Amino acid sequence: MMPILWGSSRIFTGLIEAYLSFGDEKMLACARKLGDFYLHTEEELASSLRVEEYRATGTYAAGYATCYFPGMEGLVRLYEVTGEEKYLRQAQKMADFRQEYQFDRLPIEHTHGYLCCVYSLLLIYKESREKKWLVMAEKNWKDLVEGGYVMPGGGLLEKGIPGFNRDEGCSQADWLRVNLLFFELTGDAVYLDMAERVLHNQLKINQCETGGFGHRRVLYDEFGVAGYGTYDEEALWCCDFHGAMTLQNLKKYVLMEEKDKSFVYIPFLFDFEAETGELSVRIEEMKAPSGHRRWKIEIRVNAEEKRSIAIRIPDWAGLISLYDGEGNALTVEKERNMLYISTGKEGAAYICDIICPVYMEDRHFHKLCPEQAAEEKGFVLRQGSDLLAVRNGEKEPVILERLADDREAVYIFRCLPSAVKSSQSGQVQ
């Protein structure tokens, strides 16, 4: 029975998306039937008298915690399109039941199902604006990050159990969309820093040759995740679906207009073209000296008044320089985590140059000074948005480089000072 619930929860959201995209009332009718199913089965599937029975199913792919609670997402989405409070209330009841009986506690055997629940909590908060749902989601996020369940590359294991030997594409995809929605609802750039880490490191080594997503082997030492092994398999059952869905979802975040339209926010610097109703933006990365990243930013405005552009300053950024289209240096206006550009109605072009120092982190995303790097535990090297690792493939020499989409390479990022010094000679410690 449980895998049927999992499939129902996934197709539930798909039916809503299909209805919104094509206006087919049959899709909405099917979604309503699924919503009513959750209403009608509450006494069987969310009964305080049957908690031990639910626990007996375990927490892996066919377990109760994985298969039942992700239905909250579809219920909230159904409320969005119908306005019927009963669906939102049912999602809230399920969220309360999940917390009360500790079905949200780690470790857990299926991180994808867990992340679907965190995303659902954020949707409930988005619609109700009751702080308790955001607090629940924030606790789940902190439990994952501070508990060591998130790898230095930004991804999660298939099982939220330290020592498990592979990741899963749909967990990476959902971790990305969880962090994007967190930022949308809170404005806290720490979630964008995590989203960028996933996007630039984990997803690109998790994607397979067909374009789909799946599993990659994970390397461990006594202190935790120490690297990535070779690609394992494409997961046709849900990774392909969630990977494509997340990349589609990402499009709404490349250019975000504040609700009061006081400024337009650019969360990520990578090549794209996008527009709002009054603004068009084109970003292209340029060649830059070693240790720098440089982008050309072209802005076209379709409004009479000036518009302010706010570009996120990433957690990895060093000195930032800004130039006009003629190469003249401009004053950099910064506030907290944002770089501001004010442009007239005619639009303008800018060059943004960011120095990207190589720096060290522990395995829980805390920056380290060289004297803080414990020899016995090692550290992680980053430069810009990239995680650096020792690439140790059968046909390639051992060199320090960015993670790349290579099915055969093995990447080791448990660096020690002595390993970094000797990496060019092929010795990895």
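Q: How many aromatic pairs does the structure hold?
A: The model is predicted: local features need pLDDT of at least 70 and side-chain atom pairs count only at pLDDT 80 or more, whereas totals for chains, interfaces and linings use all residues. Residues are numbered from 1 along each chain as its sequence is written, and side-chain values use heavy atoms, with hydrogens and water left out. Rings of Phe, Tyr and Trp (its six-membered ring) pair if their centres lie within 6.5 Å; planes under 30 degrees apart count as stacked, over 60 as edge-to-face and the rest as tilted. The number of aromatic pairs in the structure is 21.

Q: Which class of aromatic pair do F69 and F103 form?
A: The ring centres of F69 and F103 are 5.7 Å apart. Their planes meet at 45 degrees, so the class is tilted.

Q: How many residues apart are F69 and F103, and where do they lie?
A: Helices (H or I, at least four residues) and strands (E, at least two) are DSSP runs, numbered from the N terminus. F69 is in the loop between α5 (64-67) and α6, and F103 is in the loop between α7 (85-100) and α8 (111-128). The pair thus links distant parts of the chain, and its members are apart by 34 residues.

Q: Are F69 and F103 buried or exposed?
A: Buried means under 20% relative accessible area, exposed over 50%, and partly exposed in between (1.4 Å probe, protein chains only). F69 has 0% relative accessibility. F103 has a relative accessible area of 8%. Both F69 and F103 therefore count as buried.

Q: How far apart in sequence are the parts tied together by F263 and Y340?
A: The rings of F263 and Y340 form an edge-to-face pair, at 6.1 Å centre to centre and with 85 degrees between the planes. F263 counts as buried at 14% relative accessibility. Because F263 lies in strand β4 (residues 263-266) and Y340 in strand β12 (residues 338-343), the pair ties together parts whose separation in sequence is 77 residues.

Q: Which arginine lies over the face of Y119?
A: A charge sits over a ring if NZ of Lys or CZ of Arg is within 6 Å of the ring centre and within 35 degrees of the ring normal. R98 lies over the face of Y114, at 5.1 Å from the ring centre. Over the face of Y119, at 3.8 Å from the ring centre, lies R177.

Q: What is the radius of gyration of the protein chain?
A: The chain has 13 helices and 19 strands. The globule rule, 2.2 Å times the number of residues to the power 0.38, is set against a radius of gyration taken over C-alpha atoms. For 429 residues the rule gives 22 Å, and the chain is as compact as a globular protein of that length because its radius of gyration is close to this, at 23 Å.

Q: Which residue has its C-alpha atom separated by 7.6 Å from that of G327?
A: G327 is in the loop between β9 (320-324) and β10 (329-330). G327 is partly exposed, with a relative accessible area of 47%. At 24 residues from G327 along the chain, the residue in question is I351.
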